[in-house]
Amino acid sequence: MKNNLLFLVFILFLTSGCKKEQEFAVIHFKDIEQFPYNIIATRITENAIAKTDTFNLESQENAVISLEIKRPQYVYIQRNSENSRLFLTPGTDLTIGQKNGRDVFEGDLKGENTYLEEFYNTENIEDLSWDYNASFDTFKNQTSGFFNFMNNLLDTYVPDSTSYFYRLNKLENRAFENSAILDYVLTRTPSAKKDSLFDAYIDKDLFDFKKFEAYSSANYLKSFYEKKGFEYFARKKYGERLDSLRNAEEHYVFTSDIIAEYIPAPFKSTILYDNLKYYPEEFDFVPDSLKAQLTTPHNIVERYKEHLNEKTYEELIAKIERHKANKLRYAKETVVPDFSLQNDQKQSINFKEVYKNKPILIDVWASWCGPCIRSFPKVHELQEQYKTDLEVISISIDKTFDLFQKGLDKHQVPGSSKLYAEGGFSSTFATHFNIVAIPRYILISQNGNVIDATISLKDLKAKLNSSMP
């Protein structure tokens, strides 16, 4: 017995000693056409905090990066402004090549990453999209067809149904599909049927939190808990009073209170973090006359301190401080840099080329942003009403130029200049103005100085009527 115990201790010693070496993933890049080649790798920690590394590859001989990976997880890769997602585990050795403009994988996790590549690039995906204007039965069939396709694709590339990746994606697809159905119920069904349909169609088994603890970092599952979970538990708690309370109470406090009460660890802390991490920016969008009625970003974090783990609490406080410092870049009267953007012909345009000796309103949008598109008519009205006093330009932060172009073709995008910021949310333009949520409206003087970098359309109209600045 004693010898067996000593052997076990020896094995534990060996495995703990090897652990540090195993907590890395190595990625080799083939077929790079031009150097230097820039890579930004972002992964989300267990506390939902983004950790980013930047690499500058100088030659094909040294086209390899090493990332610290402590658990199976997704890593978001930006390569010279092209974005993709990889799945990595500790000890992964993966090679990425190119063929016909697509990533081709060799080595560890080849099937898993080929599945992700197919997911983002197969033309069949667009044919399987669902239409919220269809009847409920048609919509259900459309979503079912989409996720059947996704699950079949998963079976093709990852046949091992016992693997973590397989189970993770099955769960993510399930949470995503149920979220889509519930979105339809909440936005498209008559009010009299909404409660009964929501209760009938919500996947209650997803609330077996203990069962899904191993997937606490699953994005779609966390989003399901944050949004549909909130709806489910709030309806259980408040019943018919929910809608009136929702309209009367402070949104972030109301939702966070429900999450804190009903969502257990390990999900609670990361979901509260996701729910609150953009609050400092959104607080800035609120008219000054209303800010006194709202909880400040610092106070709202302190309110939920006991429900946050130490790292998420510290990161939220640090984020508030970083936001204060970042705001100095675009404070009133600061000079706007001369950003390099692209027009609809993919030609480079210096931002100062759009100046027309009058104030400029920048409408920041993306083709996937419903609130942006719904606000276009209001911007068109302002553009027409104040055409002698105001120049309107639009800047897209879509993921790719093609999505920007499709957005222009599909929607009546306002502005005398319609431009694209390559790199989207990571572009120099978006980074300078700390753009993390859209639509965003930025008002600039004819001299290129900031008047208001977080102005609302309502406040803009009042400002124009009172003669700027």
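This is a predicted model: local features need pLDDT of at least 70, side-chain atom pairs count only at pLDDT 80 or more; totals for chains, interfaces and linings use all residues.
## Salt bridges between separate elements

The structure contains 27 salt bridges. One of them pairs E117 with R102, whose closest N and O atoms are 3.4 Å apart. E117 belongs to helix α2 (residues 110-121) and R102 to strand β8 (residues 102-107), so this pair ties together parts that are 15 residues apart in sequence. E117 is buried, at 11% relative accessibility, whereas R102 is partly exposed, with a relative accessible area of 26%.

Another salt bridge joins D284 and K327, where the closest N and O atoms are 3.4 Å apart. Here the pair links two helices: D284 is in α11 (residues 279-285) and K327 in α14 (residues 310-327), so parts that are 43 residues apart in sequence are tied together. D284 has a relative accessible area of 12% and is buried. K327 counts as partly exposed, at 31% relative accessibility.

The closest N and O atoms of the salt bridge between E321 and K324 are 3.6 Å apart. E321 is partly exposed, its relative accessibility being 41%.

Some salt bridges share partners, and in this way D195, E231, R235, D243 and R246 are joined into one network.

## Disulfide

A search of the whole structure finds one disulfide. The link is formed by C369 and C372, with their sulfur atoms 2.2 Å apart. This pair counts as a disulfide because the cut-off for two cysteine sulfur atoms is 2.5 Å. The link of C369 and C372 is right-handed, with 80° about the S-S bond.

Both cysteines fall under the 20% limit for relative accessible area, so they count as buried. The value for C369 is 3%, and that for C372 is 1%.

## Largest cavity

The model has three cavities of 30 Å³ or more. The largest has a volume of about 140 Å³. Its lining consists of I44, R71, P72, Q73, Y74, Y76, F87, Y164, L168, S217, A218 and N219.

Strand β5 (73-79) and helix α5 (164-188) each supply at least two residues of this lining. The largest share, three residues, comes from β5. By class, eight of the lining residues are nonpolar, three are polar and one is charged.

## Second largest cavity

The second largest cavity holds about 100 Å³ of space. The residues that line this cavity are Y74, R85, Y115, L116, F119, M150, N169, E172, N173, F176 and Y220.

Helices α2 and α5 each supply at least two residues of the lining of the second largest cavity. Helix α5 gives the most, with four residues. The lining of the second largest cavity divides into seven nonpolar, two polar and two charged residues.

Methods:
Residues are numbered from 1 along each chain as its sequence is written. Side-chain values use heavy atoms; hydrogens and water are left out. A salt bridge is a side-chain nitrogen of Lys or Arg within 4 Å of a carboxyl oxygen of Asp or Glu. Buried means under 20% relative accessible area, exposed over 50%, partly exposed in between (1.4 Å probe, protein chains only). On a 1 Å grid over the protein atoms alone, a cavity is a set of points where a 1.4 Å probe fits but cannot get out, and a pocket is an open set with protein on both sides within 12 Å along at least five of seven lines; lining residues have an atom within 4 Å of a point. Grid points are joined across faces, edges and corners, and a volume is the space filled by probe spheres set on the points. Ala, Val, Leu, Ile, Met, Phe, Trp, Tyr, Cys and Pro count as nonpolar, Asp, Glu, Lys and Arg as charged, and the others, Gly among them, as polar.
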